[in-house]
Structure formats: structure tokens, C-alpha cells
Amino acid sequence: MRAAVLEAAGQPPQVRDFDEPTRDVVQVSLAGCNPVDLALASGQMGDPDVPAVVGREGVGYTIDGARVYFNSPKSPFGSWAELAQFDPDRTFEVPDTVGDDLAVALGIAGLAAWLPLTRHADVSAGQSVLILGATGVVGSIAVQAARILGAGRVVGAGRSEQGLARALELGADAVVQLGGDDDAGALRAEVRNGYDVVVDMVYGEPFLAALEATAVGATLVTVGQGAGGAPEVPLGTLMGRTHIGHNNNLLPSRMMRQGYRELVSLAEEKRLTVDTTRYRLADAEKAWQAQADGPHVKIGITPR
């Protein structure tokens, strides 16, 4: 089969022939591209298995004809290929009413937005919510999710003017462009009593600014660290707040399955939208670079 294969840490995948999986096989319709793919391939998360097909998620058909979303396929058979080997515990049915692009976008990205707002925090009673990194795919879903769940005021923050304009279109009440002289002050100006919930995709210095803008009793959930890691967090500022580090795969499979089902139901009701784009498998290196450049859309890979 044709596949995008990682040959060595730190290199982009190369498209070539690769052995086919022999069990738990899914015929891939569309694979997803995520920051975690690049992090795993770079060696930031430990030495990668090589050679191996890249890709942590996709949509396709099992041998018995079931249409499924699959997450964390069995190494070395990742999703950027004609065939992958799925993990039954991380494979969820997808109705025909939801297209491939949206079905993939609701996986790693969708769950990273939805689970923090439904399993780690509560925004059902009109709480104020800050989406830190609202210009990315996860952030754009989080803006919509917060509004759907009953947040009273939703503020999106990020650096991209275009991404912030899109956040307003998707339901944010206000946006804050980060990178000014006083990010904490700019965030406080939008919710003067302090934010009740922060969903954070960037960490680093923006997280510290967001922390200063929270109310006592706030919950802050960090999903990613696009702006860098390990900020020096003053204990006094953190007092009275709860900070949670979220990773989809650290939650039970049943929780991921239920969360994905909830997202799919919202998609069927046309209450969620995600901006997407596609690359052919033959152009895998271009897709890889596009992800490295920080896209504001969900990238999908078609095997043919």
C-alpha cells in the first residue's frame, strides 16, 4: 500500500510503499493532521518508532463495512495511508450524515475543546469563558462549544487578526489580540469580574496573563503549549484557582467515545462547524509543512 512513512526523527514523512496491516484493518477515507503528529516525529515526546506510517486519526471503513472514526491506530500502521490498523477501544461509529472532513475534525481537535468544557469545568450557568488560542482549530471549536453549553460571555484571544475575526463569526462576544504591552489588562477589560473558566491552547506567557485575569474559584484547563512551556507561575496568583493539564488519551475510552458521540450529534444538528482543507497523500510533505506553519484550518489527507 502507499503511505507517508517517517524514516528518522526530525524529518518529514516520505510517501512510499509500506507493508499492509493484517488485522483490525480500516480502509482510510480521510486522515487527520495534528500538531501532535509533528511533535511525535520530531522526537520531542521520546524517540519515535521508525520506519512507521504517520498520523494519529482518520475516518474510514472496516472490513464489515462500518464507517468509523479511529484514534491512536496501532504502530507502525498510522492513518496517512490507504490502510491502517485501528484500536477497537479508540474507534467510534460515524453516521453518514456527517462528512469525512468534519468527522475527522471532531476527533483529536474536537475532543480537546469539548472535554475540558464538559468534564473538567462547568459553563452551564452563564459563566464567563476565555478561550486562549481561539484562532486555531481547537480554539474555534471551543468558542462554539462554550456558547452551546450555556456560557454567559465568551472571549477569544490570540494573535491572528483573521483568526480573531473568525472567532467572532463563530459566536465569541469579544476578542483580544495578544502580544501587546499589557495582555492581562486587555483580557481583564472584557470581563471585569474575572473569568470563571479558561481553556488554554498556548500556555507560556499568555497563560500567565490569563491567570491574572481570572476570578477566585476559576478553573483553567491547559490543552497545548503553542506559545512555549513551563512558565514560572506565582503561587499567590494561582491561589483559589484550579489548573488542570488535559490530554484526550489520558481519559477513559468510554469518556472519549461519549464525548465524540455528543460532538457528532451537534454536527448533525448543524450547530458546529470547522474550517477544513485537504491534501492528497502524494503531497504529504506539503501538508506536513502547512501544519508546521500553523494553519487556522483542519488539514485532512486523502489516500488517493
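The axes of helix α6 (residues 183-190) and helix α7 (residues 204-212) come within 8 Å of each other and cross at roughly 40°. The model is predicted, with local features requiring pLDDT of at least 70, side-chain atom pairs counted only at pLDDT 80 or more, and totals for chains, interfaces and linings using all residues. Residues are numbered from 1 along each chain as its sequence is written, and side-chain values use heavy atoms, with hydrogens and water left out.

- Axes are lines fitted to C-alpha atoms, for helices over the stretch in contact, and angles run from 0 to 180 degrees between N-to-C directions.
- Helices (H or I, at least four residues) and strands (E, at least two) are DSSP runs, numbered from the N terminus.
- α6 and α7 are therefore oblique to each other; angles under 35 degrees count as roughly parallel, over 145 as roughly antiparallel, 65 to 115 as roughly perpendicular and the rest as oblique.
- For α3 and α4, the axes come within 8 Å and the crossing angle is roughly 40°, so α3 and α4 are oblique to each other.
- α3 passes α4 in a right-handed crossing.

**Cavity**

- On a 1 Å grid over the protein atoms alone, a cavity is a set of points where a 1.4 Å probe fits but cannot get out, and a pocket is an open set with protein on both sides within 12 Å along at least five of seven lines; lining residues have an atom within 4 Å of a point.
- Grid points are joined across faces, edges and corners, and a volume is the space filled by probe spheres set on the points.
- A search of the whole structure returns 1 cavity of 30 Å³ or more, and the largest cavity holds about 40 Å³ of space.
- The lining of the largest cavity consists of Val-137, Ser-140, Gln-144, Arg-166, Leu-170, Thr-273, Val-274, Asp-275 and His-296.
- Helix α4 (residues 137-149) gives the most to this lining, with 3 residues.
- By class, the cavity lining has 3 nonpolar, 4 polar and 2 charged residues (Ala, Val, Leu, Ile, Met, Phe, Trp, Tyr, Cys and Pro count as nonpolar, Asp, Glu, Lys and Arg as charged, and the others, Gly among them, as polar).
- The largest cavity lies between domain 1 (2-94 + 274-302) and domain 2 (110-249), because both give residues to its lining; the domain bounds come from an automatic or database domain assignment.

**Pockets**

- The largest pocket contains about 1,600 Å³ of space.
- Its lining has 48 residues, of which Pro-35, Met-201, Gly-224, Gln-225 and Gly-226 lie nearest its centre.
- α1 (35-42), α3 (108-120), α4 and β16 (298-302) each supply at least two residues of the lining of the largest pocket, and α1 gives the largest share, 6 residues.
- The lining of the largest pocket divides into 22 nonpolar, 23 polar and 3 charged residues.
- Domain 1 and domain 2 each contribute at least three residues to the lining of the largest pocket.
- The second largest pocket holds about 350 Å³ of space.
- Of the 19 residues lining the second largest pocket, Leu-40, Ala-52, Val-53, Arg-56 and Ser-75 lie nearest its centre.
- α1 and β4 (52-53) each supply at least two residues of the lining of the second largest pocket, with α1 giving the most, 3 residues.
- By class, the lining of the second largest pocket has 10 nonpolar, 4 polar and 5 charged residues.

**Backbone geometry**

- Most residues other than glycine have a negative phi, and most peptide bonds are trans.
- Val-50 and Pro-51 are joined by a cis peptide bond with omega of about -10°; Pro-51 is in the loop between α1 and β4.
- The peptide bond from Ser-75 to Pro-76 is also cis, with omega near 10°, and Pro-76 is in the loop between β6 (67-71) and β7 (83-85).
- Asp-24, which is not a glycine, has a positive phi of about 45° and sits in the loop between β2 (14-17) and β3 (25-33).

Definitions and conventions:
Left-handed = near helix turned anticlockwise from the far one by under 90°.
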